[in-house]
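Good morning, everyone, and thank you for making time.

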Amino acid sequence: MRVAILTSPNQWFIPYAEELRAKIPKSDLYFSHQEIKQAYEIIFILSYHQIIPKTFLVKNKYNLVIHASNLPKGKGWSPMFWQILEGKNEIIFSLFEADEKADNGEIYLQKILKLNGVELYEELRDKQAKMCQTESFYPKRSPKDSELDLTKSLEEQFNLLRIVSNEEFPAFFCKEGKKFILKIYDFNEK
């Protein structure tokens, strides 16, 4: 799987982005979306301070952003710090698919960071980064995720066959420009 991490240059998140790159085998780290010339299956856009055009986003399968607010509320800059000023000690982090608008797109997951109310800046930044860095997230599945690979055996793809819906998102494969549907049933069930 091709994975990239995108963050802004000359800012607090860079050491955490480097740690994350070390944890994800064969991942790449970038400081500008304009540097990225190839397509990725996943790009983690973390603490990045530019709006990314749709022409870039459509190249990648997933463009995932983690934002420290209960989106769609709390869009914009420094949302965790604004919420702390409002007296909040539970900060919701939202994982979402980036689109061409700021802090906008389909939300995949939300998770709460609980604070004790006495953390200072450095500790807050560390907790914020760890919410982006150490958690694992699954993207939302779609019908295209039911595609079988003709170069792999049924044994290798059995778990994929187990999770497809024969009616809503059946397994399929393409051969010579034609799409074929494959349905699976338990022989012993009536």
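Please keep in mind throughout that this is a predicted model. I start with the largest nonpolar core, which has 27 residues, and within it the residues with the most contacts are Phe13, Phe44, Leu46, Leu64, Met80 and Phe93. Several elements each supply at least two residues of this core, among them the strands β1 (3-6), β3 (42-45) and β4, and the helices α1 (14-23) and α3 (79-85). The element that gives the most is α4, with four residues. There is also a second, separate core of 15 residues, and Ile36, Tyr40, Phe56 and Val65 are included in that one. As a general remark, nonpolar side chains in soluble globular proteins tend to be buried together.

Let me stay with Leu64 for a moment: if we leave aside its neighbours within four places in sequence, Leu64 is in contact with residues including Ile42, Phe44, Leu95 and Tyr108. Ile66 is found in strand β4, which covers residues 62-67. Is Ile66 buried or exposed? Its relative accessibility is 10%, and because buried means under 20%, Ile66 counts as buried. Ile66 and Gln110 are 44 residues apart in sequence, while their C-alpha atoms are 9.2 Å apart in space.

Turning to the sheet, we have an open arrangement of six strands in the order β2-β1-β3-β4-β5-β6, and the pairing is mixed. The edge strands, each of which pairs on one side only, are β2 (28-30) and β6, and the twist from one strand to the next averages 20°. Between β1 and β3 the pairing is parallel, over four bridges, and Ile5 stands opposite Phe44 of β3. Helix α1 packs on this sheet, where it touches β1 and β2, and its direction makes about 160° with that of β2.

Finally, the aromatic side chains, for which a search of the whole structure finds six pairs. One of them is the stacked pair of Phe81 and Tyr121, at 5.6 Å centre to centre and with 15° between the planes. Since Phe81 lies in helix α3 and Tyr121 in helix α4, this pair ties together parts that are 40 residues apart in sequence. Tyr121 is partly exposed, with a relative accessible area of 42%. Elsewhere, ring pairs link Trp12, Phe13 and Tyr16 into a cluster.

Two charges also sit over rings: the charged end of Arg2 is over the ring of Tyr40, 4.9 Å from its centre, and Lys179 lies over the face of Phe172, at 4.2 Å from the ring centre.

Technical notes
Residues numbered from 1 in each chain as written. Predicted model: local features only at pLDDT ≥ 70, side-chain atom pairs only at ≥ 80, totals over all residues. Heavy atoms only, no water. Buried < 20%, exposed > 50% of the residue type's maximum accessible area, 1.4 Å probe, protein only. Core = buried A, V, L, I, M, F, W, Y, C linked by side-chain atoms within 4.5 Å. Contact = heavy atoms within 4.5 Å. Phe/Tyr/Trp six-rings, centres within 6.5 Å; stacked < 30°, edge-to-face > 60°. Lys NZ or Arg CZ within 6 Å of the ring centre and 35° of its normal. Pairing = 2+ DSSP bridges. Axes fitted to C-alpha atoms, helices over the stretch in contact; angles between N-to-C directions.
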